[in-house]
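Thank you for asking for a second pair of eyes on this model. My comments are set out below as numbered points, to be read alongside the structure.

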Amino acid sequence: MRATNYITIEFPSRSANEGFARSAVAAFAVQLDPTLEELGDIKTAVSEAVTNAIVHAYPDTLGKIVIKARIQEGNVLEITVRDWGCGIADVERAREPLFTTGGEERSGMGFTIMESFMDTLRVTSKEGQGTKVTMRRRIAQRAARR
C-alpha cells in the first residue's frame, strides 16, 4: 500500500522514552480523526511494543529503537517498532499468552495485547540481529467525516 504520510523516530532504549514514543505515534495518528477508544488502543499497542524492545532486546545495555508510522490508503495506520537487540529465539512461543523471558515481574501478555488492539500484528526476529514488530489498524471513517 502506498503511504500518504509518514514519520520515523529513533531513540535509545531507555524506559523514559516509552511514554514519548506512545505520545508521538498518537499525535501522528490524530490526523485520521480516531475515536478516543481507537487512540487508546494504538497508544497501548505502541507502549507494549516499545516496552518489549527496552526490556527484552537490550536487557543489559542500551540500544537503538526505531519507530516508523505510516498512513496508508483506506485510513490504515501502520506502525513498525524495530530493534537491533538479542532477537527472539522462538517467535511463535513468545507470542503465546503468559510466556515471558523477563522474569516474575513481566506478565507475558505484550504480544497478546498488541494483537487484541490492532487489526494485524506481524513479528519477525533473528537471534543476535533484533526484532521487527509491524502493526496495522484501520480507523473507521465516521459519518461526520465523509
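Predicted model: local features only at pLDDT ≥ 70, side-chain atom pairs only at ≥ 80, totals over all residues.

1. Residues are numbered from 1 along each chain as its sequence is written, and side-chain values use heavy atoms, with hydrogens and water left out.

2. The sheet is open and has five strands in the order β1-β2-β3-β5-β4, with antiparallel pairing; strands (E, at least two residues) and helices (H or I, at least four) are DSSP runs numbered from the N terminus, and two strands pair if DSSP finds at least two bridges between them. Because β1 (3-12) and β4 (120-126) stand at the edges with a single partner strand each, one side of each is left without a neighbour in the sheet. From one strand to the next the twist averages 10°.

3. Between β1 and β2 (residues 64-72) the antiparallel pairing extends over nine bridges, and Asn5 has Ile71 in β2 as its bridge partner.

4. Helix α1 packs on the sheet, where it touches β1, β2 and β3 (76-83), and its direction makes about 170° with that of β1; contact means heavy atoms within 4.5 Å. Helix α2 lies across β1, β2, β3 and β5 (130-138) and runs at about 10° to β3.

5. Helices α1 (residues 17-29) and α2 (residues 36-57) pack at an angle of about 145°, with their axes 9 Å apart; axes are lines fitted to C-alpha atoms, for helices over the stretch in contact, and angles run from 0 to 180 degrees between N-to-C directions. Among the residues that meet are Ala21, Val25 and Ala29 in α1 and Leu39, Ile42 and Val46 in α2.

6. The end C-alpha atoms of α1 are 18 Å apart, which agrees with the 18 Å that its 13 residues should span at 1.5 Å a residue; the expected span is 1.5 Å times one less than the number of residues. The buried residues of α1 pack against β1, α2, β2 and β3, buried meaning under 20% relative accessible area (1.4 Å probe, protein chains only).

7. Asn17, which is found in helix α1, counts as buried because its relative accessibility is 18%. Not counting residues up to four places away in sequence, Asn17 touches Phe11 and Pro12.

Methods. Buried < 20%, exposed > 50% of the residue type's maximum accessible area, 1.4 Å probe, protein only.
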